[in-house]
Amino acid sequence: MQNDEVIWQVIRHKHCSFMSKIETGIFCRNPYNVTGICNRSSCPLANSRYATIRDHDGVFYLYMKTIERAHMPNKLWERVKLPRNYEKALEIIDKHLMYWPKFLAHKTKQRLTKMTQMRIRMRKLALKTREKIMTTPRKEKKREARREEKAEKAAVLDKSIERELLERLKKGVYGDAYKDIYNYPFDKYQKVLEGEEMQLDTEREEEEEEPEIEYVEGYDELEEEDDIEDFAGFSIDNSHADDDNVGSEEEAEAVTRKRERKESAFASRRFEKDEPAAKLKKKPRVLVEVEHEDSGVRQKAVH
């Protein structure tokens, strides 16, 4: 037979695994404790008739224990789900704890109030954006820094070795017997050499490229300049021929024909350009007659 007083004396004065003693008082870590304080009225182990409220994933449940189920540990607690509405939850607590001690009913309602306020605060904090503080692992940072330093040194060493071997290969230090002495792949050296040769070829092609040809307008100006140069050349040739008596008759005839052709072409182009302007300048003549009533004389005016 279960005796609550004997259980409390053993727990309080000898040993309890849920008891937590600190400077401010003695507290209970049992999840079914309705107040969290270690005393006779709040202990869930030393009271055969007990009620409390627990939270399961945001849902509140009313737990009740009676002396009639003390011999069945798997059915010791009766659980009732409480609605999210605070007033309806209080009505359900009053309904199930109507004939229970007033202390237990009051503490259960008080626990429900505290847990509801805590749920509201949790929802507000979840919606509020806050900065997340992350720890900096010093050991990992130091380890990565050492690895990077070693990798940089190894890369510099590999580059210097590759450069030195390429220089020796170009100079022909090893000759054809280098494959037996050194176990380095020949493909890499060949690729580097081919790349350098291609770079030299491209530079030579760029140097040998011809200048680009451009086309511009201004035929009239160029033709006028050519005519002036021809006239100047003809006068100079004539002066030299008169002074030195060296020019031949055939050359003179060719020059004169060329000059005549250029003069005729130039004159025809001038005439074609000036003809529409001359047509535009001609205006129709308008004859206006004015008659005065008094004198009866007609006057003519030409516009």
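The model is a predicted one. The chain holds 303 residues, and buried residues make up 16% of them.

**Whole chain**

- The accessible surface comes to about 25,900 Å², and carbon and sulfur atoms account for 53% of that surface.
- Among contacts between residues at least 6 apart in sequence, 37% join residues at least 24 apart.

**Aromatic residues**

- Rings of Phe, Tyr and Trp are paired when their centres lie within 6.5 Å, and by this rule the count comes to four aromatic pairs.
- One of the pairs is Tyr 50 with Trp 77: the ring centres are 6.5 Å apart and the planes stand at 85°. Planes over 60 degrees apart count as edge-to-face, so this pair is edge-to-face.
- Tyr 50 belongs to strand 3 (residues 50-56) and Trp 77 to strand 5 (residues 77-81), so that the pair links distant parts of the chain, 27 residues apart.
- Tyr 50 is buried, with a relative accessible area of 0%, whereas Trp 77 is partly exposed at 22%. The cut-off for buried is under 20%, which is why Trp 77, at 22%, does not count as buried.
- Trp 77 also pairs with Tyr 63: their ring centres are 6.3 Å apart and their planes are at 75°, so this pair too is edge-to-face.
- Tyr 63 lies in strand 4 (residues 59-65) and Trp 77 in strand 5, 14 residues apart, and this pair again links distant parts of the chain.
- Tyr 63 is buried, with a relative accessible area of 7%.
- Tyr 32, Tyr 50, Tyr 63 and Trp 77 form one aromatic cluster.
- Two arginines lie over ring faces: Arg 54 over Tyr 63, at 6.0 Å from the ring centre, and Arg 119 over Phe 60, at 4.1 Å from the ring centre.

**Nonpolar cores**

- In soluble globular proteins, nonpolar side chains tend to be buried together.
- The largest nonpolar core has 17 residues, and those touching the most other members are Ile 53, Leu 62, Met 64, Leu 82, Ile 93, Leu 97 and Leu 112.
- Strand 3, strand 4, helix 2 (86-96) and helix 3 (102-127) are the elements that each give two or more residues to this core. Helix 3 supplies the largest share, four residues.
- Ile 93 touches Ile 53, Leu 62, Leu 82, Thr 108, Lys 109 and Leu 112, leaving out residues up to four places away in sequence.
- A second, separate core has eight residues, among them Ile 11, Cys 28, Cys 38 and Cys 43.

**Thr 108**

- The side chain of Thr 108 reaches the backbone oxygen of Leu 104 at 2.6 Å.
- Apart from residues up to four places away in sequence, Thr 108 touches Val 34, Ala 51, Ile 53, Leu 62, Ile 93 and Leu 97.

- Arg 69 is in the loop between strand 4 and strand 5.
- A polar atom of the Arg 69 side chain lies 3.0 Å from the backbone oxygen of Lys 75.
- Beyond residues up to four places away in sequence, Arg 69 touches Met 64, Lys 75, Leu 76, Trp 77 and Glu 78.
- The side chains of Ser 48 and Asp 4 are joined by a polar contact of 3.2 Å.
- Setting aside neighbours within four places in sequence, Ser 48 is in contact with Gln 2, Asp 4, Lys 65, Thr 66 and Ile 67.
- From C-alpha to C-alpha, Arg 69 and Ser 48 are 9.3 Å apart in space, and they are 21 residues apart in sequence.

Key. Residues numbered from 1 in each chain as written. Predicted model: local features only at pLDDT ≥ 70, side-chain atom pairs only at ≥ 80, totals over all residues. Heavy atoms only, no water. Phe/Tyr/Trp six-rings, centres within 6.5 Å; stacked < 30°, edge-to-face > 60°. Buried < 20%, exposed > 50% of the residue type's maximum accessible area, 1.4 Å probe, protein only. Lys NZ or Arg CZ within 6 Å of the ring centre and 35° of its normal. Core = buried A, V, L, I, M, F, W, Y, C linked by side-chain atoms within 4.5 Å. Contact = heavy atoms within 4.5 Å. Polar contact = N/O pair within 3.5 Å; in protein donor to acceptor, adjacent residues only side chain to side chain. Areas by Shrake-Rupley, 256 points an atom, 1.4 Å probe, with all protein chains shown as cover.
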